[in-house]
Amino acid sequence: MRILMLAPPGVGKRTLGAVIAAHFNVPHIAMGELLRAHVARHTDLGRAAQAHLDRGESVPDEVVLDVARRELTAARAGGEYLLEGMPRTLPQAQQGYRIALHLGMTANVALYLRVDDDELVRRLLARAALERRQDTEDLIRDWLGLYHQATEPLVSWYFQRGILVIADAMRPTIQVGREIVAALEAMRPLLDHVPEQLRQSVDLTGLEAGSGPSADSGLSGIPSLSSLKERLRLGADERR
């Protein structure tokens with residue numbers, strides 16, 4: 001499997017990424033950790049990143065994409081990976097797609113972890129208290145507003161490509177991880193045998209209740225996993 005993770009701050013993506021990557025025995029490419037490692041080792045990429053961080057700026061796309069290119073090239077032999085912490089913007093996603101396409105390593109799952117803002121605020125305030133940071137609720141909500149502004153075009157783009165998988169990350173991390181792993185295991189044969197142009201995005205948020213996508217998802221056309229599998233089964237029967 002080749003998985004991208006889209007997740008807001010406070011969702012536990014590093015832990016979930018490690019759980020999913022370990023289960024499927026694929027490289028876990030954690031972009032934040034890789035950039036910090038480059039900075040600590042004073043590599044060319046690390047020095048380029050540090051120069052921007054020292055000025056209070058975001059690490060530019062060309063640096064992030066160069067790190068991604070190197071990691072995808074290294075993972076090419078196995079043909080699988082889980083990429084966490086990138087992309088953050090639509091232009092970054094589109095440039096990353098071109099890199100992956102050149103390498104024959106385009107993602108077949110864009111895993112979107114969804115959590116209500118109120119819950120994220122609660123988690124991030126608790127984390128700030130533990131780390132003795134002065135983050136306020138207003139500051140955190142500003143961060144989340146910027147996240148949503150950048151992420152909504154990404155979600156739509158992956159939906160149009162048919163690789164979006166929406167998961168409910170409101171529950172404890174271990175439970176969320178188990179549910180995602182089980183769903184991805186069920187999807188795995190479809191990824192191997194269904195051409196990309198015939199795939200559809202999937203909403204896992206109704207797994208517990210046995211329902212389809214939630215009304216506020218903004219992507220009401222996304223089928224549940226069970227309905228998608230039934231459509232593909234019927235399509236396979238027709239082809240026979």
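Two strands pair if DSSP finds at least two bridges between them. Helices (H or I, at least four residues) and strands (E, at least two) are DSSP runs, numbered from the N terminus. This is a predicted model: local features need pLDDT of at least 70, side-chain atom pairs count only at pLDDT 80 or more, and totals for chains, interfaces and linings use all residues. Residues are numbered from 1 along each chain as its sequence is written, and side-chain values use heavy atoms, leaving out hydrogens and water.

View 1. β1 covers residues 2-6. Four bridges join β1 to strand β4 (residues 109-114), and the two run parallel. Leu4 stands opposite Ala110 in β4. Strand β3 (residues 81-84) is also parallel to β1, again through four bridges. Here Ile3 stands opposite Leu82. Four of the five β1 residues are buried, so the strand is largely enclosed by the rest of the structure. Buried means under 20% relative accessible area, exposed over 50%, and partly exposed in between (1.4 Å probe, protein chains only).

**View 2. The largest nonpolar core.** A nonpolar core is a set of buried Ala, Val, Leu, Ile, Met, Phe, Trp, Tyr and Cys residues joined through side-chain atoms within 4.5 Å. The largest one has 36 residues. Met31, Leu35, Tyr81, Leu83, Met86, Tyr112 and Tyr158 have the most contacts inside it. Helix α4 (residues 61-75) gives the most to this core, with seven residues. A second, separate core holds 32 residues, including Met5, Phe24, Ile140 and Val176.

**View 3. The surroundings of Met31.** Contact means heavy atoms within 4.5 Å. Leaving aside residues up to four places away in sequence, Met31 touches Val64, Val67, Ala68, Leu83, Glu84, Gly85 and Met86.

**View 4. Helix α5, one face buried.** α5 covers residues 90-103. Its buried residues are Gln92, Ala93, Gly96, Ile99, Ala100 and Leu103.

**View 5. The ends and length of α5.** Thr89 caps the N-terminal end: a side-chain oxygen lies 3.3 Å from the backbone nitrogen of Gln92. Just after α5, Gly104 takes a positive phi of about 70°.

Terms used
Expected span 1.5 Å × (residues − 1). Polar contact = N/O pair within 3.5 Å; in protein donor to acceptor, adjacent residues only side chain to side chain.
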